[in-house]
Structure formats: structure tokens, C-alpha cells
Amino acid sequence: DTHAAVQSWLQARNQQQPAFKPGDVVIQSRCSEDTLLSHEEFGPAGFSFYRSINVTATQAIYIVAEPGKQLPACAAIRAAKLNHLAVLYPNSEVQMVGGSLEEDFLRLMFAPVLYKDAQSSFGLWAGLANRGQVFSVP
């Protein structure tokens, strides 16, 4: 059981799993040179992908993105996504988050509602372990 293994791993490190409210949404935002410019199967999801977010149940929307250096195109896409979601869901707090690979994996895995934005193995495994609602780009 993945959840039991992760709980044991967290306990051994004296860490807690990410804390979310029941309707919180986590969006995986994988954007890099290989996903934009050199791989025909990867790319950012259209903004319409997020129209099914429950406006009444969602208090927070977390966009998980790799911190640090990013391509200018990725920075522009993420800023536009953040602004779009903030306008579409004005009663929800919309924010970028990102940390270590472990922290980001745990965010995706424990999200009450996960939008797996990219067809990546990282998001795939976290989505498969997630016990909430998971939405994936076809």
C-alpha cells in the first residue's frame, strides 16, 4: 500500500503529510524545454481543462511548479494560468507552490482534487497513489 509506505517514510523523518481542506485543488504544472519544444506528446493543458473546478467547494488552488530557473515561455504560461484561475475562481486563494521533488510528489499524492497537467511519469505515479479525485489530460 503506497499510503502506508509513505506514512512510514514521513514518520521516520518526523514529517507530516501536506495539509489540505476537503475541496482544495492541486494542479501539476510541468513546463520545461522538453515539454514545450522537443516532445510532440507533452505540452501545457488548455485553460478550459480547469473549468470543472467546484467553485463552491474550493477554497484554495495550488499550482505545483518547479521553483527556480524556468524558460520565459513557461513563466508566461504559469503567470497567465494563475491569473486565469484567480479570475475564474475569485473566492479561492490561487498560489504557486514548489519545493523538493518529495514535497511536490506528496502534494500531488495527497491532494483532495488533482489536475494532472502533464503526461509525466512523476504526475502519473502520484495520481495513481492519490485517493481523491484525479483529472488527467487525455
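Axes here are lines fitted to C-alpha atoms, for helices over the stretch in contact, and angles run from 0 to 180 degrees between N-to-C directions. Keep that in mind for the first close-up, and remember that this is a predicted model.

**Close-up A. Helix 1 meets helix 4.** Helix 1 (residues 2–12) packs against helix 4 (residues 101–110) at an angle of about 140°, and their axes are 13 Å apart. Angles over 145 degrees would count as roughly antiparallel, so this pair is called oblique instead. The crossing of helix 1 past helix 4 is left-handed. On the helix 1 side, the contact is made by Thr 2, His 3, Val 6, Gln 7, Trp 9 and Leu 10. Helix 4 brings Glu 102, Leu 106, Met 109 and Phe 110 to the contact. Sort the contact residues by class and you get 6 nonpolar, 3 polar and 1 charged.

**Close-up B. The buried part of helix 4.** Look for Asp 104, Leu 106, Arg 107, Leu 108, Met 109 and Phe 110, which are buried in helix 4. What covers them? The cover includes helix 1 and helix 5 (121–129), along with strand 1, strand 2 (60–64), strand 3 (93–97) and strand 4 (113–116).

**Close-up C. Glu 103, also in helix 4.** Is Glu 103 buried or partly exposed? Its relative accessibility is 41%, so Glu 103 counts as partly exposed. The side chain of Glu 103 reaches over to the backbone nitrogen of Ser 100, at 2.8 Å. As for Ala 76, it sits 27 residues from Glu 103 in sequence, and the two C-alpha atoms are 24 Å apart in space.

**Close-up D. Ser 29 in its loop.** Ser 29 belongs to the loop that runs between strand 1 (25–28) and helix 2 (33–36). Setting aside neighbours within four places in sequence, Ser 29 is in contact with Ile 63, Val 64, Ala 65, Arg 78, Lys 81 and Asp 117.

**Close-up E. Ile 77 on helix 3.** Ile 77 is part of helix 3 (residues 72–88). With 23% relative accessibility, Ile 77 counts as partly exposed, because buried means under 20%. Which residues does Ile 77 touch, not counting those up to four places away in sequence? They are Cys 31, Leu 36, Pro 44 and Phe 47. Take Pro 44: it is 33 residues from Ile 77 along the chain, and their C-alpha atoms are separated by 8.2 Å.

Methods. Residues are numbered from 1 along each chain as its sequence is written. This is a predicted model: local features need pLDDT of at least 70, side-chain atom pairs count only at pLDDT 80 or more; totals for chains, interfaces and linings use all residues. Side-chain values use heavy atoms; hydrogens and water are left out. Helices (H or I, at least four residues) and strands (E, at least two) are DSSP runs, numbered from the N terminus. Contact means heavy atoms within 4.5 Å. Buried means under 20% relative accessible area, exposed over 50%, partly exposed in between (1.4 Å probe, protein chains only). Angles under 35 degrees count as roughly parallel, over 145 as roughly antiparallel, 65 to 115 as roughly perpendicular and the rest as oblique. A crossing is left-handed if the near helix is turned anticlockwise from the far one by less than a right angle, and right-handed if clockwise. Ala, Val, Leu, Ile, Met, Phe, Trp, Tyr, Cys and Pro count as nonpolar, Asp, Glu, Lys and Arg as charged, and the others, Gly among them, as polar. A polar contact is a pair of N or O atoms within 3.5 Å; within protein, one must be able to donate a hydrogen and the other to accept it, and residues adjacent in sequence count only if both atoms are side-chain atoms.
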